[in-house]
Each structure stands twice: as structure tokens, then as C-alpha cells.
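Q: Could you take me through this structure one feature at a time, giving the general idea before the particular case?

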Amino acid sequence: MEKIQYDLIVIGSGAAGMIASIVAARSGKRVLLCEQQSKLGPKLKATGGGKCNLTNTLTNEDFMNSFGKNGRFMQDALEKFDYKSLIEFLNTIGVETHIPDGFRVFPVSHSSETIINALENEILKQNIEVKKETKIVDILCENEKILGVKSQIANYYSTCVIVATGGLGFSSLGANGDGYKFAKSLGHKITELYPAMLPLITKESWVSNCRADTIAKAQIRVDLKKAKKLKACGDLIFTSKGLRGPVILDFSREITPLLEEYKEVPLLINMIKGLNEEELFNHIKEYSLKHNDANIKEVLETLLPFSVLNELCKLVGADYNKRFKDLEGTIRQNLIKILVSTPLTIVDHIGFEKAMITRGGVSLKEINPKTMQSKIIEGLYFCGEVMDLDGPCGGYNLQWSFASGNLAGELLN
């Protein structure tokens with residue numbers, strides 16, 4: 001059998017893998033794209049609940065800061081391929097985008113299928129060879145130089161391989177951590193891996209009675225001495241077993257490592273628009289005066305849904321049919337405290353099965369940020385979520401996948 005030599009082999013057909021393949025092929029390179037699933041872009045399909053929030057309009061500086069201490073690693077990739085470049089690229093393959101809220105960028109269709117179909121069409125147009133249902137089991141390497149890849153049925157040869165396998169999130173869509181295994185087998189360090197962007201489970205069961213309501217701009221902080229600086233603000237949603245909503249999806253990346261260390265993570269949540277105790281007391285006093293000695297239910301429903309205030313009143317033994325001034329002093333004081341700082345205890349999460357992203361990955365210290373090439377193995381490249389870099393909700397992670405994939409795809413240009 002003829003031994004076919006490719007200029008580039010890409011493992012994984014997410015956003016990073018597909019754009020890397022296209023960029024390389026556009027410069028005339030012979031590219032092989034390998035995907036273990038029966039369709040390309042399986043995880044991309046689920047992005048943003050299928051609506052596909054592609055990126056956002058932050059400056060590169062603010063964008064990098066949103067990723068924390070590792071964010072600076074993205075500088076070279078973003079300089080070559082920022083959100084404007086992504087919009088332009090998508091336009092070249094027939095995808096029209098818009099920015100309905102002035103911040104988040106979506107395909108006009110609000111469907112990830114639009115993006116996947118357009119990328120697939122461009123892959124076809126660029127004569128990229130695609131092997132679906134092809135599980136890569138090993139990367140071939142000799143004397144610290146890449147030779148190709150080994151699948152379950154055959155070897156494919158190239159001196160350049162891009163690992164774009166993603167993380168462990170959404171394991172139901174095929175994520176299995178193969179990229180980490182490949183990297184580790186070739187001498188790369190993998191940082192601790194944690195599920196991120198996922199709902200959290202509480203010890204307290206009363207949350208299940210509040211499922212119908214969303215709390216806007218809830219302020220959350222971790223009540224652990226070691227993690228006092230960890231705070232977040234955003235929309236909070238109660239579930240039958242705990243918490244979700246944008247603020248929880250973002251904050252979960254901080255919580256899951258703490259859970260592993262402490263087993264329980266106490267939170268303090270302000271669900272009343274950030275009012276402190278004095279401001280809340282004054283609000284109650286003023287409302288009661290204006291509304292003819294309104295009862296607690298009437299006053300607090302200006303700040304909280306009834307389902308939530310009902311549960312908090314139960315916790316401190318406050319009768320919401322009474323006027324605030326008619327409560328016993330201790331109960332009145334406890335009600336103020338629990339409203340301003342509601343305690344909840346995170347005891348678990350739903351795991352990688354439903355986690356949208358992975359915190360951790362291939363150590364950035366061993367990857368050249370100017371090329372995405374390994375500093376250890378010549379011809380080995382990484383892009384996307386397989387690296388130790390993850391951001392919040394809002395198009396951050398997808399933009400990073402596209403930007404890093406673009407940079408890795410330029411490897412031979």
C-alpha cells in the first residue's frame with residue numbers, strides 16, 4: 001500500500017481543528033482532518049445551547065484579562081485573529097453575523113448548524129481529506145520529531161500534527177481526554193483537570209422550591225478564609241438540586257477545585273441588588289411608611305420573588321404576614337442578615353458529562369505562544385481547549401479556539 005505523506009494532520013474537528021485545517025489548506029498544503037465521531041463539530045453543535053455565541057466585542061486587552069493569569073498567552077493569536085477577523089473569516093465562507101446586544105456575536109441564524117455547515121463546505125472546497133469515525137490512538141514520534149499518527153486501522157504520515165481534541169467537557173459528545181494522553185506520552189505536563197461551566201449542587205434542599213425564578217445580578221462570594229477574594233455577579237437560577245444560571249456557570253470554574261480540596265464550599269449570596277444591611281433596613285422602613293404599614297411579604301416582593309422570600313422567612317422563623325416592626329428583635333435582625341447574605345453550601349457538581357469546558361490542560365509553559373508549537377517536540381502543535389486556558393461564558397472560549405486554530409494552521413506558511 002502506498003504511504004501517503006501529508007503536510008499536516010489535524011486531530012479533532014471542533015472550531016480549532018476545522019479552522020486550522022482550512023487556514024493550512026488555503027496556502028496549498030495537503031491536509032488530513034481526523035474526527036472520531038460520525039459528524040464534524042459535535043461539541044460545536046452544543047455551544048451556547050445551539051445558538052452559537054461565537055465571540056464578543058471586547059478589546060484584546062480586556063479579553064485576555066477575562067481569562068485570568070494565563071490570559072496573556074493569547075496575545076499573539078489575538079493580534080492575528082481577533083473578533084473582527086473572525087467575523088470577516090466567517091463572512092468569506094458565507095456566514096452572516098450580528099451583535100444583537102452590542103457585545104455578543106452570533107450567526108444571524110442563531111444556529112450552530114450554520115457555522116458547522118459553512119466550515120464543512122469550506123473544508124470540501126479546500127480539498128481537505130476528512131476521515132470521520134477515525135479514532136487516533138497514538139502520535140508517531142522519533143528523536144523528538146513528529147512522523148504522523150496511528151489510528152485503529154492505519155498509520156497516516158506527516159511531520160506536523162495539530163492536537164485539537166478539546167477537553168473532557170460534554171463527554172456525551174465524544175470528549176475523552178485523548179489529547180491529554182497524547183501530550184503526556186510525548187513529555188508534556190498536564191495541569192490538574194476540573195469540570196467548569198456547569199451547574200452546582202447544594203446541601204440545602206430549600207432551593208428546589210424556588211425553581212421558577214431567576215435572580216438578576218446576584219452577588220456571590222466564597223466564605224472560605226483561603227478564597228475570600230473569589231466573587232462573582234450575574235443572573236442566578238435555582239434548580240431541583242442546586243444552582244445554575246450565567247453567574248454559576250462562570251463561577252463554577254473556581255468552585256470545582258475547592259470542592260476537591262474541602263469537600264464542601266460555603267457561599268454567601270446577596271440576592272437583593274447588592275443592598276447592605278443598613279440600606280435594606282432603610283428600604284423596608286421607607287416602603288412601610290409609604291404603603292400604610294405594608295407587611296413583610298409586600299415589602300420584600302419589591303426585591304425578591306415570593307418563592308425565595310418565603311424560604312428565607314422560614315429559615316429565620318419570620319411570619320411574612322406581619323409588619324416588619326412587629327417581629328421580635330432577634331428575628332428581625334436575622335431576617336436582615338439572611339437577606340443580605342444568604343448562606344448556601346456547595347457539596348457537588350454534575351461532572352464532566354454536562355460540563356461545557358475543562359479547567360486545566362497542556363501546560364502553557366511548554367507551548368510557544370507565537371506558533372502554538374510544542375517546545376518539546378518539533379512538529380507538534382496544540383490549539384483550543386486542550387491547553388490550560390479557559391474563560392467565562394460569552395463567546396470567550398470559542399474565540400480562543402478559532403484564534404489559536406488560525407495561528408496553528410499557519411505553521412507551514
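Q: In which hand does α8 pass α11?

A: The model is a predicted one, in which local features need pLDDT of at least 70 and side-chain atom pairs count only at pLDDT 80 or more, whereas totals for chains, interfaces and linings use all residues. Residues are numbered from 1 along each chain as its sequence is written, and side-chain values use heavy atoms, with hydrogens and water left out. A crossing is left-handed if the near helix is turned anticlockwise from the far one by less than a right angle, and right-handed if clockwise; α8 passes α11 in a right-handed crossing. Helices (H or I, at least four residues) and strands (E, at least two) are DSSP runs, numbered from the N terminus.

Q: How is the packing of helix α8 and helix α11 described, and which residues make the contact?

A: In general, two packed helices are described by the angle between their axes and the distance between the axes. Axes here are lines fitted to C-alpha atoms, for helices over the stretch in contact, and angles run from 0 to 180 degrees between N-to-C directions. Helix α8 (residues 277-290) and helix α11 (residues 329-340) cross at roughly 115°, their axes coming within 10 Å. E277, L280, F281 and I284 of α8 meet I336, K337, L339 and V340 of α11, where contact means heavy atoms within 4.5 Å. By class, this contact has six nonpolar, no polar and two charged residues, with Ala, Val, Leu, Ile, Met, Phe, Trp, Tyr, Cys and Pro counted as nonpolar, Asp, Glu, Lys and Arg as charged, and the others, Gly among them, as polar.

Q: At what angle do α1 and α12 pack, and why are they called roughly parallel?

A: Angles under 35 degrees count as roughly parallel, over 145 as roughly antiparallel, 65 to 115 as roughly perpendicular and the rest as oblique. Helix α1 (residues 15-26) and helix α12 (residues 396-409) pack at about 30°, with their axes 7 Å apart, and they are therefore roughly parallel to each other. The crossing of α1 and α12 is right-handed. The residues in contact include A15, I19 and V23 of α1 and L398, F402 and G405 of α12, and the contact comprises eight nonpolar, four polar and no charged residues.

Q: In what order do the strands of the five-stranded sheet lie, and which strands are at the edges?

A: Two strands pair if DSSP finds at least two bridges between them. In this open sheet, the five strands take the order β7-β3-β2-β11-β20 with parallel pairing, and the edge strands, each pairing on one side only, are β7 (129-131) and β20 (380-382). Neighbouring strands are turned by 20° against each other on average, direction ignored. Strand β11 (residues 161-163) pairs with β20 over three bridges, and Y381 in β20 is the bridge partner of I162. Helix α1 lies across β2 (8-11), β3 (31-34) and β11, running at about 170° to β3.

Q: What is the strand order of the four-stranded sheet, and where does a positive phi occur in the hairpin of β8 and β9?

A: This sheet, also open, has the order β1-β10-β9-β8 with mixed pairing, and its edge strands are β1 (5-6) and β8. Strand β8 (residues 136-142) and strand β9 (residues 145-151) run antiparallel and are joined by six bridges, with C141 having I146 of β9 as its bridge partner. Two residues lie between the strands of the hairpin, in which N143 takes a positive phi near 50°.
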